[in-house]
Amino acid sequence: MIANTVLITDRYHPSAIHRLKLKMAYEVKEHHSYELKPKDLVGVCALLIRSRTKIHSDLLVAANQLKVIVTATSGFDHIDLNACIRAGIHVMNTPMANAMSAAELTLCQMLNLTKSSISLHNGIIKNQSWKHHYSFFGELNRKLLGIIGYGHVGQRVSQLAKAFGMDIQVYDPYIDDAIIRQHNVFRVGLIELLRTSDFTSLHVPLTSETKKMINYQTLE
């Protein structure tokens with residue numbers, strides 16, 4: 001059997017799927033489930049996924065014609081890269097695609113915290129009452145933001161936070177000093193960052209180094 005199918009296992013905009021079908025010389029199929037079984041990959045040459053689709057060695061048993069996996073995510077936490085290497089499958093991601101969206105969500109959550117937006121919403125919309133006893137953290141202006149992981153997302157969080165007048169300190173043992181100087185932020189150790197920051201935001205991949213980074217000891 002010649003592999004001639006591109007399989008999509010997550011939600012993508014209909015116009016994007018339409019364009020893909022027009023431009024691809026292969027059959028494009030949508031699999032309406034995040035969970036794949038080995039039989040689903042028979043005859044599949046390319047796989048288009050997001051983070052909810054998990055790729056592991058047992059799944060690749062029948063994927064002897066699968067050549068490429070494209071994941072629309074910034075990381076590979078959901079993919080067994082070693083299993084893909086052994087199977088000769090190329091894996092690609094989209095590290096920049098969601099960076100600004102994630103950064104904007106981070107600032108949105110920080111604003112929710114400072115302004116008690118959710119509590120106010122519940123009071124006004126659900127209970128038709130306005131009360132002034134909600135606790136306010138104040139403003140983002142002049143607060144110290146600690147960013148753990150100063151990659152694509154972390155740098156954009158820093159950019160947006162500075163527009164609110166925040167000071168930025170970062171912990172990232174892998175980022176180059178030149179970037180730290182260029183962005184005018186402070187590099188500190190992890191414990192110092194946790195001890196002194198008004199807000200702490202994590203933007204790191206799941207690795208043996210980062211797993212359970214926030215734990216009982218660090219919260220203390």
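Which residues of the largest nonpolar core touch the most other members? Leu145, Ile147, Tyr150, Val157, Met166, Ile168 and Val170 do, out of 18 residues in that core.

## Ground rules

This is a predicted model, where local features need pLDDT of at least 70 and side-chain atom pairs count only at pLDDT 80 or more, while totals for chains, interfaces and linings use all residues. Residues are numbered from 1 along each chain as its sequence is written, and side-chain values use heavy atoms, with hydrogens and water left out.

## The cores

A nonpolar core here is a set of buried Ala, Val, Leu, Ile, Met, Phe, Trp, Tyr and Cys residues joined through side-chain atoms within 4.5 Å; buried means under 20% relative accessible area with a 1.4 Å probe, protein chains only. Apart from it lies another core of 16 residues, including Leu7, Leu36, Val44 and Ile69.

Take valine 170: leaving aside neighbours within four places in sequence, its contacts (heavy atoms within 4.5 Å) are Ile147, Tyr150, Ile180, Val185, Phe186, Arg187, Val188 and Leu193.

## The sheet

Helices (H or I, at least four residues) and strands (E, at least two) are DSSP runs numbered from the N terminus, and two strands pair if DSSP finds at least two bridges between them. An open, parallel sheet is built from 4 strands, ordered E8-E7-E6-E9. E8 (186–187) and E9 (199–202) sit at the edges with a single partner strand each, so one side of each has no neighbour in the sheet.

E6 (residues 144–148) pairs with E9 in the parallel sense over 4 bridges, and leucine 145 has phenylalanine 199 of E9 as its bridge partner.

Key. Buried means under 20% relative accessible area, exposed over 50%, partly exposed in between (1.4 Å probe, protein chains only).
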